[in-house]
Amino acid sequence: MDVLALEAKGAKNDAPAAPAPSKSRPKAPKKAKRIVYFEVEILDAKTKEKLLLLDKVLGMAMCSCVITLLTLHDCVYCCVISEGKPLKDEDVLQMLPVGTTATFYFRDLGAQISWGTVFLSECIGPLVIYLMFYFRVPFIYAPKYDFKTSKHWVVHLACLCHSFHYVKRILETLFVHRFSHGTMPLRNIFKNCSYYWFFAAWMAYYINHPLYTPPYYGEQQVKTALGIFLFCQLGSFSIHVTLRNLKPPGSKIKKIPYPTKNPFTWIFALVSCPNYTYEVGTWMGFTVMTQCVPVAFFTVIGFIQMTVWAKGKHRSYLKEFKEYPTLRSPILPFIL
């Protein structure tokens, strides 16, 4: 019995001791985030007159909030940082290279108009003007030619191509294009429309003139030019759709456009702005088709202007994207 009692006692002593209750330490209180306030001074860009002084502006405030305070009626202001760099609406105040006292300059851009309105005006005008010459409405040619169509089939084909081009542009403006900038200066609509409407009237007057002479090489020249025209129109549409798909609705994020499965987009491998390349090709085809000097002038002037735009876009790509393909040219592969 004594032995058993000793063994039992030893078993009790060998049993593991119950863990001592742990004392829970209270969590340290979170440090409150430091709220940064800015003092924003707003000056007129031209006169340097103080327009507004904002005190205790939250550092998380966006520039769009500041711009809204100075938006008056139809005038839109452009916010510019002290060093002259334009600011975007989504820029956050505390992320800018300024101290707690920031100075912004505002420039009044004047009355504005939407890009879509300008594009539609540019296209509807030439479409209507050309058809007026094609149907030979009174007071354009001699009275005996009023409402009499041309005897040359190339004249009718040219009207179809011209109308197709501008109807395509109107539909793209309505359903395809997504504009990065909402508005442009109101004066641009007069400048742009004058250019397109004048050239439409000038080329239409000669192409639909009763004394118009068909192309020198006849049917072969016209059919070749028609092939170029249609090819470039399909290419232009393909590029516009590809550019649209790069930018979701409401997004301002920029991406590098690359070739897709569509063969018309493969030119992206060599050119930064193939939409301009195809546009120039379209008017080159129309020039050869009609063999008309005003069309050639319109093509040359358009090529010069689109080259300027393409070079600017190309520089923007190179500056914004370090991995941008260096093989690309602005508008013409390996040339320009």
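T290 lies in helix α7, which covers residues 274–290. The model is a predicted one. T290 counts as buried because its relative accessibility is 0%, and the cut-off for buried is under 20%. Leaving aside residues up to four places away in sequence, T290 is in contact with A158, I207, Y212, P215 and V295.

The strands come next. Strand β1 (residues 37–44) runs parallel to strand β4 (residues 101–114), and six bridges join β1 to β4. Within this pairing, E41 has T103 of β4 as its bridge partner. Strand β4 is also joined to strand β5 (residues 183–185), here by three bridges and in antiparallel direction. In that pairing, Q112 is bridged to P185 of β5.

The cysteines remain. A disulfide requires two cysteine sulfur atoms within 2.5 Å, and by this rule the count is zero. For C161, the nearest cysteine sulfur belongs to C159 and is 9.4 Å away, and C161 is in no disulfide. C161 counts as buried because its relative accessibility is 4%. C193 is likewise in no disulfide; the nearest cysteine sulfur, that of C123, is 9.2 Å away. With a relative accessibility of 8%, C193 also counts as buried.

Note on methods. Residues are numbered from 1 along each chain as its sequence is written. This is a predicted model: local features need pLDDT of at least 70, side-chain atom pairs count only at pLDDT 80 or more; totals for chains, interfaces and linings use all residues. Side-chain values use heavy atoms; hydrogens and water are left out. Buried means under 20% relative accessible area, exposed over 50%, partly exposed in between (1.4 Å probe, protein chains only). Helices (H or I, at least four residues) and strands (E, at least two) are DSSP runs, numbered from the N terminus. Contact means heavy atoms within 4.5 Å. Two strands pair if DSSP finds at least two bridges between them.
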